[in-house]
Amino acid sequence: MSEAMEGVIAELKREVERLNGELTETGQQKAQAAQYGLVLIEEKDTLQQRIDDLETQYENVKQELTCAQQALQKVSITQRKATRDGVVHEDSLLHETATREVILLASINELEAELRSSRQVIVRTQAEVDNVSTVNADVSRQIARVGEETRLHSRDYQYRGQTCSIAEITSIEGRPVA
């Protein structure tokens, strides 16, 4: 029996060695798996930190987008109001300009009519002045002629008066003094 035992012991030794080899291999695999697990945990932590950073960045960008949309909406409303006010103001200016143009055209037409009328009055007045000048020249000639005639008549009357006076004096002198 000893040989059979020795065979069993040898087999058991081989089995123990095989099991020790498997145990060593399994231990190594466990250690390697643990290292991989640690690497994975580190990668998971890194990825989780990256996810947290990206979520924070996403929230910030989302908030900025919301603010930008609100600002854009306010600007859009303000722009529409300004455009509407600008159109109303432009329409008002156009209406005011058209009204001024109508008033100015009416004023121009009135002034042109007044100018034509004034020119006609000037022409008539000039004709009257020319006529009065002609009449004045005629009257001046007549006055000069009448003045000359009056002077001549005055001399003639003086001469006649002197002649009559001399004749009367002569006739008086020729009378006897009584």
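Asp138 and Arg141 form a salt bridge, with the closest N and O atoms 2.1 Å apart. The term requires a side-chain nitrogen of Lys or Arg within 4 Å of a carboxyl oxygen of Asp or Glu. Both Asp138 and Arg141 lie in helix H1, 3 residues apart, about one turn of the helix. Helices here are DSSP runs of H or I with at least four residues, numbered from the N terminus. Asp138 is partly exposed, at a relative accessible area of 31%. Arg141 reaches 53% and counts as exposed. The classes are set as follows: buried is under 20% relative accessible area, exposed is over 50%, and partly exposed lies in between (1.4 Å probe, protein chains only).

This is a predicted model; local features need pLDDT of at least 70, side-chain atom pairs count only at pLDDT 80 or more, and totals for chains, interfaces and linings use all residues. Residues are numbered from 1 along each chain as its sequence is written, and side-chain values use heavy atoms, with hydrogens and water left out.

By the salt-bridge rule, the count comes to 4. One of them joins Glu96 to Arg100, with the closest N and O atoms 2.9 Å apart. Glu96 and Arg100 also sit in helix H1, 4 residues apart, about one turn of the helix. Glu96 is partly exposed at 35%. Arg100 is exposed at 51%.

Now move to Glu22. Glu22 pairs with Arg18 in a salt bridge, and their closest N and O atoms are 2.4 Å apart. Helix H1 spans residues 2-173 and holds both partners, 4 residues apart, about one turn of the helix. Glu22 is partly exposed, with 37% relative accessibility. Arg18 is partly exposed too, at 38%.

Where is the patch of negative charge formed by Asp52, Asp53, Glu55 and Glu59? These residues gather on the surface. Patch members have over 30% relative accessible area and no salt bridge; like charges are joined within 9 Å, nonpolar side chains (Val, Leu, Ile, Met, Phe, Trp, Tyr) within 5 Å. Asp and Glu count as negative, Lys and Arg as positive, while His and the chain ends are not counted. The place of a charge is CG for Asp, CD for Glu, NZ for Lys and CZ for Arg. Glu55 lies in helix H1. Its relative accessible area is 47%, so Glu55 is partly exposed.

Terms used: Helix = DSSP H or I, 4+ residues; strand = E, 2+ residues; numbered from the N terminus. Areas by Shrake-Rupley, 256 points an atom, 1.4 Å probe, with all protein chains shown as cover.
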